[in-house]
Amino acid sequence: MLLMRTTRSNQLNQIPQKLTLFINVAFKSSGQSHPSLETISEIDRVTRIINDHPFPDNPLHSTLIQHVPKHLLSNTFVENVLGRLFAAHSNGLKAFEFFKFSLQHSEFCPSSDAFEKTLHILTRMRYFDKAWELMEEIQQTRPSLLTLKSMSIMLSRIAKFQSYEDTLEAFKRMEKNIFSGRQFGVDEFNVLLRAFCTQRQMKEAQSVFHKMHNRFSPNTKTMNILLLGFKESGDVSAVELFYHEMIRRGFKPNLVTYNIRINVYCKKGCLGDGLRLLEEMEKANIPPTLETITTLIHGAGVARNISRAWELFNEISARNLQADIGVYNALISSLIRSRDVHSALLLMDEMEEKGIGHDSMTYHTIFLGVMRSNGIEGVSELCHKMIKRNFVPKTRTIVMLMKWFCQNQRLDLSLGLWGYLIDRGYCPHSHALDLLVTGLCSHGRVKEGVECAKQTLERGRPISEGIFRMLERYLVEAGESEMLWNLDQMIKKLQTVLPPSRRYAVGLAHTNSVTT
């Protein structure tokens, strides 16, 4: 069934083709139009310029004027640069400056997607004042860009980082000031509920429901959002209890309802219950979707029933569905769970040969399997292939690889991965930096650890308090007072523009003691 592997020489010859395939998959998954290869090159260049720009030493605006000609500022270009900045963990104020720069050109009409990406980057870094400032500006100048999605981004982040009362106050502020003139109804109510449910704050979600359901008449989507919240909490009993409450209130279950219930059973390894619900929904004339089958394949893997996973996979075409990257990832995950790494690698090759491509989940799952079976050399080889394909995985995969390399005393591979990310215009997450610097310092390579910390700070990203104290201790022992002073100054300068956080390094309490 699986296609035969290509030879190593053929794989090397196909690298340009693979790069194009990766690009197509990346833009397809983000819902954006396919830019030309020339535009992709410009996106790459501008993203790197923004991310590498010394911050906050010099204003970004003059650099953008110098390096970003007006003709480049199309919706596709701006959306994709912002998408890259988000994926690269760039400082939120840089993304904000780039978006404002694009707004200043009257011939450019921004899309809601570009606005939402900017809002997402700001709120992820807890720049809530700037996020409100942006929303107020858009409300006055381009109110058509304000969508339920932008509301959801803001409320979800406030629910995550601030209090229950702050989230309700933000909802009121949106109704009164940001979305003024818009009659709030069940759709906006659902966004508020989802903000709590996605953070697994079910007590808060239930409180909001009981307080406001008389004002906003709930619909089936409302009940599914609450059901999803209970599912995210991993409580099968709570899901089933609320499902029966939903039926008692007169709501009829739909496809989303069944998918949520199947998902919670499959995550617990209760494949039989998931298959029972599949039969139930088919009897109710609700045909399963690709998402339903993907969930069941994953559930078969959790239950270690690889034969059933293959059966479900092979039934996809008979159901008039077409396998996508998610289905393949679910089957790869099932194979990895059954320790059949060889078949998983073959399936990865088949994805490429069929033009489906790979995403971060594909690599993450395969790396997990290779770590268990092929050891450090297998991981190194796969990482090398990933880099040749110009693929940049998500943060959790980067952190996992950094930890694996450091634990296996392969700091050369850790630094190689770090250098690749920096060269691609990414600023690795602080967890990756923590692992790398700890590994370097424990092997006496403190100056290299300091250099990695400086690269992070130069790009406008903070370092953790723990890592700074570690570097401080090693530098004091080595008598490197000037190096410590320079690091301290960079931290203090960045503090002037960063939102307060106990996680971030604040520098030395008494700077004068370093230089005396």
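**Aromatic rings and their contacts**

Modeller: In this predicted model, the charged end of R473 sits over the ring of Y474, at 5.4 Å from the ring centre. A second case involves R261, whose charged end sits over the ring of Y243, 3.7 Å from the centre.

Next come the contacts between rings. A pair of aromatic rings is described by the distance of the centres and the angle of the planes. With centres required to lie within 6.5 Å, the count comes to eleven aromatic pairs. One of the pairs is formed by F189 and F209, which are stacked, with 6.5 Å from centre to centre and 25 degrees between the planes. This pair links distant parts of the chain: F189 belongs to helix α11 (residues 186–197) and F209 to helix α12 (residues 202–212), 20 residues apart. F189 is buried, with a relative accessible area of 0%, and F209 is buried too, at 4%.

W310 and F313 form an edge-to-face pair, with 6.0 Å between the centres and 90 degrees between the planes. Both residues lie in helix α18 (residues 306–314); they are three residues apart, so about one helical turn separates W310 from F313. F313 is buried, since its relative accessible area is 7% and the cut-off for buried is under 20%.

Ring pairs also join F171, F179 and F184 into a cluster.

Conventions:
Residues numbered from 1 in each chain as written. Predicted model: local features only at pLDDT ≥ 70, side-chain atom pairs only at ≥ 80, totals over all residues. Heavy atoms only, no water. Phe/Tyr/Trp six-rings, centres within 6.5 Å; stacked < 30°, edge-to-face > 60°. Helix = DSSP H or I, 4+ residues; strand = E, 2+ residues; numbered from the N terminus. Buried < 20%, exposed > 50% of the residue type's maximum accessible area, 1.4 Å probe, protein only. Lys NZ or Arg CZ within 6 Å of the ring centre and 35° of its normal.
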